[in-house]
Amino acid sequence: MGSAWRRAKLALGFNMCVYVPATAEEEDSAERLSDAALLSPAMPMTPTPSSGGLRLSKSASRSSKKTCAICLTSMKRGHGQAIFTAECSHSFHFHCITSNVKHGSQICPVCRAKWKEIPFEGPNLDPPPRRARINPVDWHQNNDLMTIIRRLPPPRLDSNRNIMALHQASEPGVFNDDESLDHQPVPAERNSSNGNAAENNPVRTVEIKTYPEVSAAPRSKSYDNFTVLVHLKAAVANTGQNIQRNMSNSPLNSHNPRAPVDLVTVLDISGSMAGTKLALLKRAMGFVIQNLGSSDRLSVIAFSSTARRLFPLRRMTDAGRQQALQAVNSLVANGGTNIAEGLRKGAKVMEDRKERNPVSSIILLSDGQDTYTVNGSSGNQPQPNYQLLLPLSMHGSQNTGFQIPVHSFGFGTDHDASSMHTISEISGGTFSFIETESVIQDAFAQCIGGLLSVVVQELQVGVECVDPSLRLGSLKAGSYPSHVMGDARTGSIDVGDLYADEERDFLVSVKVPAELSGAKTSLIKVRCVYKDPLTKEMATLESEEVRIERPETAGQEVVSIEVDRQRNRLQAAEAMVQARAAAEQGDLAGAVSILESCRKALSDTVSAKSHDRLCVALDAELKEMQERMASRHVYEASGRAYILSGLSSHSWQRATARGDSTDGSSLVQAYQTPSMAEMLTRSQATLLGSPSAQRLIRPVWSCTSQPKPR
């Protein structure tokens with residue numbers, strides 16, 4: 001009886017997490033539960049204790065006969081709505097159930113019964129463009145529908161009536177069927193001809209600060225490795241408005257506009273995703289869909305043994321969201337894991353599109369290992385070539401001008417962390433480790449919180465020596481491409497996009513000779529060139545010259561805590577690389593020893609003694625990695641993924657999910673921006689089903705409303 005109540009509860013869309021000790025019968029039936037409700041917000045219910053879990057109120061039971069289990073809106077016969085009743089006696093809106101059929105589902109979303117007869121519809125069937133609400137009611141379907149019931153197999157094409165089986169609709173050879181953008185003229189209010197963005201723009205988009213390792217050095221002393229910290233910070237975002245779910249058709253029509261996004265999600269629906277994993281994935285995708293604006297476009301690729309595009313790049317208007325939710329809800333887990341094919345189609349969507357939003361990104365999620373391209377191609381190869389998983393067009397080193405970052409998410413303890421990290425590293429994205437299945441929505445929320453707040457693009461940092469006697473030594477920029485010119489006088493770092501409030505720190509090594517006469521030495525100056533994603537205009541910003549005093553007598557050298565802090569970060573990241581290499585060779589004791597040595601070295605630094613927060617977080621992170629190397633089993637299950645996610649975060653200086661790092665109590669939040677934190681808060685409120693969640697997700701139609709202070 002308990003399993004029946006569970007099915008009814010899910011069909012009614014109760015978005016609540018309740019732990020009930022499961023019986024063997026319930027565990028078996030859990031695999032067949034509908035996931036439709038996980039894409040929908042909470043509905044009122046009256047829980048009462050019982051041995052089977054939650055008992056529904058009588059009013060809720062009666063309402064199930066009048067509610068479509070897919071979109072959770074009312075069904076009223078004779079009110080302009082087409083209703084389909086299946087052979088198992090469950091009823092749905094005709095448009096909703098044909099969407100399921102279109103995307104390959106031939107089983108009842110409520111009871112999971114295999115249907116012998118399925119509905120079909122004409123190829124041109126779109127819901128009327130009306131405003132979607134949290135609990136939409138009385139949403140009238142187009143009544144010019146033709147319902148034809150055909151027996152399986154096989155589906156046939158009736159040329160006279162132009163009726164086709166939608167679930168077997170073939171994909172086009174070229175994915176140039178993306179929905180058109182709403183273009184609005186951009187007022188040219190900026191003129192970057194004089195080379196100083198701060199003077200041309202009332203709000204400075206990028207801030208530059210520089211810190212020499214010491215402010216004064218004796219004239220007689222020379223340095224082979226004098227360090228200067230270059231600190232960049234993007235403009236502050238109005239997070240309360242920037243990540244609102246509904247924006248006007250043009251992002252420039254709002255009070256505080258943001259750059260719209262083209263997002264492709266590549267989702268693993270192999271057999272190992274069946275059950276809870278797929279249900280949680282659908283809920284997470286529902287959150288993403290609900291929080292994209294009407295100028296953002298989304299396309300979903302689902303892959304198992306093969307890959308298919310559920311729908312082309314489509315604007316997330318009210319109708320677009322409704323169709324996207326239905327498509328995601330129709331997913332069924334089965335087959336193998338062909339990551340390469342999923343990425344190939346995801347890249348093709350981006351390559352073939354007719355129009356492009358300013359920001360583009362791909363999200364990849366998988367819980368397993370590729371069984372086709374890497375592990376299935378050559379068993380004699382000692383080290384898998386994970387680069388084969390990524391299309392050549394997406395390799396950053398190809399210089400094709402096509403650079404779309406892939407933010408990869410390893411789901412659970414069985415995924416191939418090495419392959420997912422390689423994919424993200426090559427493409428310029430981040431790798432996140434979702435250790436606990438229930439935090440998948442939070443991980444997605446943190447990621448899109450950043451993607452929906454891009455304020456700087458194509459950022460390039462140039463460094464130039466000022467004094468003729470100086471030479472550059474090195475540029476420590478993590479995973480960002482950097483190079484020093486042959487004369488060692490200039491260097492550059494390709495940074496790319498910056499999210500609102502995001503910071504970047506680079507250490508510049510300079511060879512400083514002894515000063516014979518002057519009281520000061522001019523070291524370097526920094527120049528930033530970047531593009532505004534909204535106006536598409538280039539801007540230039542230059543820093544002041546970095547100088548140090550050169551007294552005759554040596555005084556006490558006070559090391560800059562800012563420089564020391566970043567040295568510690570780079571030292572910790574290097575220790576992670578070395579520890580991982582040792583662990584992969586089977587030397588777990590050596591790996592733990594490397595991390596322990598780094599912890600001791602960090603404890604003696606200036607920033608550690610001043611209880612710097614980043615230094616405290618680094619020590620906690622290194623300690624956690626030591627614990628995840630306690631045994632080979634622990635390392636294989638979570639240690640490798642945790643370290644690789646940490647390396648990804650530090651090398652790109654961007655927040656990733658790893659373990660419990662999205663938890664508010666975690667110290668590993670050095671790169672989380674306010675926009676990410678705001679979206680994460682929204683996700684957690686939604687999961688808790690609190691009243692504040694309804695306020696967060698509800699569309700904000702007023703462009704003049706002010707956000708609440710954090």
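1. Contact here means heavy atoms within 4.5 Å. Leaving aside neighbours within four places in sequence, Val-264 is in contact with residues including Ser-299, Ile-301, Leu-313, Val-349 and Ile-362.

2. The model is predicted: local features need pLDDT of at least 70, side-chain atom pairs count only at pLDDT 80 or more, and totals for chains, interfaces and linings use all residues. Residues are numbered from 1 along each chain as its sequence is written, and side-chain values use heavy atoms, with hydrogens and water left out.

3. A nonpolar core is a set of buried Ala, Val, Leu, Ile, Met, Phe, Trp, Tyr and Cys residues joined through side-chain atoms within 4.5 Å; buried means under 20% relative accessible area (1.4 Å probe, protein chains only). The largest such core has 51 residues, of which Val-264, Ile-362, Leu-364, Val-406, Ile-423 and Met-629 touch the most other members. Another core, of 49 residues, lies apart from it and includes Ala-302, Val-328, Leu-331 and Ile-448.

4. Arg-682 belongs to helix α17 (residues 674–688), helices being DSSP runs (H or I, at least four residues) numbered from the N terminus. Arg-682 counts as buried because its relative accessibility is 3%. Its C-alpha atom is separated by 8.2 Å from that of Ala-445, 237 residues away along the chain.

Key. Helix = DSSP H or I, 4+ residues; strand = E, 2+ residues; numbered from the N terminus. Buried < 20%, exposed > 50% of the residue type's maximum accessible area, 1.4 Å probe, protein only.
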